[in-house]
Amino acid sequence: MDDAKVFNGKNFSHQLRPAWTPVNLALMIFFFATGLWVFGLAMIAYMLYGKELGVDFSNWGRAKSSVNKAFDQANWGPKSGSTGNAAFDEWRDAELDRLNEERRKLDEARKEFDEYVRELRRARDRDEFESFRNNRNTRPAGGDTPAA
């Protein structure tokens with residue numbers, strides 16, 4: 001029960017099985033009521049044909065962890081291990097290092113640009129405030145009072 005939510009002392013995830021459960025009905029009604037009728041129809045199809053198609057979201061937490069484990073075992077991602085060809089491994093590692101360096105340069109450029117834009121906004125705000133103060137100081141003392 002570590003991945004499943006507990007509701008009133010019971011395993012809550014069993015409510016998402018392909019059947020006419022209160023949670024599935026509530027989701028279906030919600031989708032139709034919010035105008036997401038495609039998802040409402042999908043819920044109906046899931047409730048009617050989910051068992052036959054082998055689709056079951058009630059063990060979603062276990063399914064997610066098994067998918068993550070499969071991706072980890074597939075050795076995907078940067079420097080994921082040897083392919084058996086040393087030349088290819090060296091080229092791949094060099095390319096990944098080059099791409100990481102380019103990413104770092106882009107991140108630095110983005111930070112510099114953000115700081116530049118922030119400074120422009122500060123300068124614009126300062127100019128607007130100074131303009132306001134100058135206009136306020138040059139007005140006559142009683143000029144803005146309405147005539148009675």
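This is a predicted model: local features need pLDDT of at least 70, side-chain atom pairs count only at pLDDT 80 or more; totals for chains, interfaces and linings use all residues.

Helices in these exercises are DSSP runs of H or I with at least four residues, numbered from the N terminus.

**Exercise 1.** Determine how the rings of Phe88 and Trp91 are arranged, and where the two residues lie.

*Solution.* Begin with the count: the model holds four aromatic pairs. In the pair of Phe31 and Phe39, the ring centres are 5.6 Å apart and the planes stand at 40°, so this pair is tilted. For Phe88 and Trp91, the centres are 5.8 Å apart and the planes are at 40°, so this pair is tilted. Both Phe88 and Trp91 belong to helix α4 (residues 86–138), where they are three residues apart, about one turn of the helix. Phe88 has a relative accessible area of 36% and is partly exposed.

**Exercise 2.** Classify Phe31 and Phe39 as buried, partly exposed or exposed.

*Solution.* Buried requires under 20% relative accessible area, and exposed requires over 50%. Phe31 has 17% relative accessibility, so Phe31 counts as buried. Phe39, at 46%, is partly exposed. Together with Phe30, Phe31 and Phe39 form one aromatic cluster.

**Exercise 3.** Identify the residues of the largest nonpolar core and the elements that give two or more residues to this core.

*Solution.* The five residues of this core are Met28, Phe31, Met43, Tyr46 and Met47. Two or more residues come from each of α1 (22–33) and α2 (37–53). Helix α2 provides the largest share, three residues. Beyond its neighbours within four places in sequence, Met43 contacts Asn24, Leu27, Met28 and Phe31.

Note on methods:
Residues are numbered from 1 along each chain as its sequence is written. Side-chain values use heavy atoms; hydrogens and water are left out. Rings of Phe, Tyr and Trp (its six-membered ring) pair if their centres lie within 6.5 Å; planes under 30 degrees apart count as stacked, over 60 as edge-to-face and the rest as tilted. Buried means under 20% relative accessible area, exposed over 50%, partly exposed in between (1.4 Å probe, protein chains only). A nonpolar core is a set of buried Ala, Val, Leu, Ile, Met, Phe, Trp, Tyr and Cys residues joined through side-chain atoms within 4.5 Å. Contact means heavy atoms within 4.5 Å.
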